Amino acid sequence: MNFLELLKKPNLIAAHRGDRSQKPENTLSALTSSIGKCDFIEIDVQLTKDLVPVIIHDDTLGRTSDVSKIEKFEDRRPWRVSDFTEEELQSLDFGSWFDHKYEPSLTLEKALSFAKEQHLFLNVEIKDLSDTFTDEIVVQIVIDMIKKTQTEDLVLLSSFYHHYLPMCKKLSLNIPTAALQMYKHPSNLIDYLHSFQVDAYHSEDKITNQKTVSSLREGGFFVNVFTVNKTKRQKRLFDWGVNGIFTDFLEREVKVQPLSYKFIADCHLGKLAKYLRLMGFDTLFFSHIEDNDLITIANEENRIILTRDRDLSQRKSAPVLFLEPTYTKAQLKTLIDYYELKEHPIPFSRCIVCNTPLQVIEKEKIIDSLPEKVKKNFNYFEYCPACDHIYWQGDHYKNMIKFLTQVMEES
């Protein structure tokens, strides 16, 4: 999986500067503490005096290091990162301000190497260094380091200084980019983002509303929102179709129950849709539907598109999962593994014909519609109020349960 494929998953949680509520921000310990708590990690990069990319948020060192206590650096106020060499930064402590424990500075190379070792996804924000270094130098150094560490699949590059972003694309088409925005959206937002060739838009929570999210998703952009620390707000943003949120508090992450996932299957996946309905998942299926209509429904109803169409899977305007296998059983196993659905099926709770939730119905009310053998051997029935189908736990039910049990065991 690369970063663009990750963004097609719903309800993503991003660790803002690592697990910064538990560890000093933008340090290796903050990255380590994030493992298993989020889907990707956001870090900030800027350049030292000797052009080494380092992971620090502020353009000065006073808040997150002990530089103010080092006598030899007293005359270097305000301690701009770009005025210090990488060797000088290595002499500072970037942890004691937070928890009285020493923490060395973190270079981009070390962060990327760690991400590769642990297979972590990193959103690397390039700080605005346009007043100090040329745009070409900044972008070239960052891209060169990503290529050196062979981590192009694990990285998304973002910036408030949007002029960096098309330059990133020019040097590496494989690395997705995102425009960061605070205070106010640019005019003609969709056209503006297209002009910078970005894949995603990262907006401040204060300027994010449902209309803007819908417009961005329809325009083909992933949407991630910062910094969202209240779970109620996180849930609302996800309901609007936001792909991910950045948070300072990973222990407050939104737990999305797998059964809250809703799907819409393309015309090649009718059997898969049937089995998902059997498992209890709300799954739409149309034997004939245009891609644009499918995407519209997915966005309006917050559904995940399941497809065998590779071109459709490359579109960014809705959450989508491409299913490589051609056989239904393998497709189902892929889906279960990808969305961690294994422990959460509620079989035979939806009509396999029309997707409507089933209702328990008394035998006496439908007895005239039942075959004689069924009247004699069964007493529990479920009924679809939309298409009048009646279900009982006969041989077909047992075979389906056997099939689903086997799929679960093999997943």
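**Salt bridges in close-up**

**View 1. A network of salt bridges joins Arg17, Arg20, Glu25, Asp58, Arg63 and Asp248.** A salt bridge here is a side-chain nitrogen of Lys or Arg within 4 Å of a carboxyl oxygen of Asp or Glu. Across the whole structure, the search finds 21 salt bridges. Please keep in mind that this is a predicted model, in which local features need pLDDT of at least 70, side-chain atom pairs count only at pLDDT 80 or more, and totals for chains, interfaces and linings use all residues. Residues are numbered from 1 along each chain as its sequence is written, and side-chain values use heavy atoms, leaving out hydrogens and water.

**View 2. Asp19 pairs with Lys37 in a salt bridge, with 2.8 Å between the closest N and O atoms.** Asp19 sits in the loop between strand E1 (12-16) and helix H2 (28-34), and Lys37 in the loop between H2 and strand E2 (40-47), so the pair ties together parts 18 residues apart in sequence. Helices (H or I, at least four residues) and strands (E, at least two) are DSSP runs, numbered from the N terminus. Asp19 is buried at 0% relative accessibility, while Lys37 is partly exposed at 30%. Buried means under 20% relative accessible area, exposed over 50%, and partly exposed in between (1.4 Å probe, protein chains only).

**View 3. Arg310 and Glu324 meet through their side chains in a salt bridge of 3.0 Å, N to O.** Arg310 belongs to helix H13 (residues 310-313), and Glu324 to the loop between strand E13 (320-322) and helix H14 (328-339). Arg310 is partly exposed, at 44% relative accessible area.
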